[in-house]
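Visitor: I'd like to go through the aromatic rings and the nonpolar core here. Could you walk me through them?

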Amino acid sequence: MAKRQQVRDFNPYKALQPTQQVTDQYVSPGYFQMPQNEWADVARSLSGLSETMSEVAGNMQRAEVEAEIQQGTAQVDLMTEDQLDAALALQWRQAGLPEGASPLAQKSILSHAGSKKARHALEQFRITNLDRFADPYSTEDPRAAMQQAFEQLGISGFYAGNAASAVFSNQANAFSEQVYQARAARTAKLNRENLADDIYEAATTFTDAKTPSEMGEIRNNIVRMIEIGHEKFGFSGRDEAWRGIAAAATELAKDDLTTATNMLNELEGISINGRTLAKQFGPELDALRDQLPELADSKIESGF
């Protein structure tokens, strides 16, 4: 017969006692924030009770920050130059901004202030210097000059500096394009004016031409000017040739009507794009010929 194992006396009370365990009574505190809105403060206090309350608290906090950002950036838009400099130097009271804004709001305000200062200064730079850089004879780099002006603003700090740099990049790109377009247009106009002036100077030398050979040489010289202008700059030279010849005829007629007439007769046969000046400017040529005797007579009557 097997031996029975001896067991302890049954004690119902003792059997129901839970086993004692070590417990951690420390509860980590939440992040403390100064209450900015009593309802938001209540929502934050209750946020640990449920995901819904946590979401409500987060939404209310984001709304507070957005309100701070809107208020701060709106004030930046109305700041004087001194107030703007104070804001960039974190001197909130001197800038007229409320102290104690959230870090996110401060970052946005600094970024907005940096953008505004850079944009205002660089737009003024563009207005003031466009004519200077668009000069056909200018060799200055508009972007390098604007960068030098931008660096002199001294906008520092991570948020303000990055925002200002973004403004500079946009303004420099736009200014460079504006300058080169204006410079190209002015250069093209200058090239046309120079050709007309050169043809005028050449045509007035008819006063020294005594033989058909000498007149033909002047004519050939003017034709070369027109061809070179077309090769270098792309325009035909048609209008420029007419302006230079007409101005020369007007000037020559005051001293010698015959020379002016001979010059027109010689140069009206110049062909541009397959058509002579006589055909392209027929009515203008007839009107000029009718005007030349009047110019000669007025010179005689005036005694000069």
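Visitor: Is F235 buried or exposed?

Guide: This is a predicted model, where local features need pLDDT of at least 70, side-chain atom pairs count only at pLDDT 80 or more, and totals for chains, interfaces and linings use all residues. Residues are numbered from 1 along each chain as its sequence is written, and side-chain values use heavy atoms, with hydrogens and water left out. Buried means under 20% relative accessible area, exposed over 50%, and partly exposed in between (1.4 Å probe, protein chains only). F235 has a relative accessible area of 8%, so F235 is buried.

Visitor: And how do the rings of W242 and F281 pair?

Guide: Rings of Phe, Tyr and Trp (its six-membered ring) pair if their centres lie within 6.5 Å; planes under 30 degrees apart count as stacked, over 60 as edge-to-face and the rest as tilted. Here the centres are 5.2 Å apart and the planes sit at 10 degrees, so the W242 and F281 pair is stacked.

Visitor: Which residues touch the most other members of the largest nonpolar core?

Guide: A nonpolar core is a set of buried Ala, Val, Leu, Ile, Met, Phe, Trp, Tyr and Cys residues joined through side-chain atoms within 4.5 Å. The largest one has 31 residues. Those touching the most other members are I222, M263, L264, L267 and L292.

Visitor: Which helix gives that core its largest share?

Guide: Helices (H or I, at least four residues) are DSSP runs, numbered from the N terminus. Eight residues, the largest share of this core, come from helix 10.

Conventions
Helix = DSSP H or I, 4+ residues; strand = E, 2+ residues; numbered from the N terminus.
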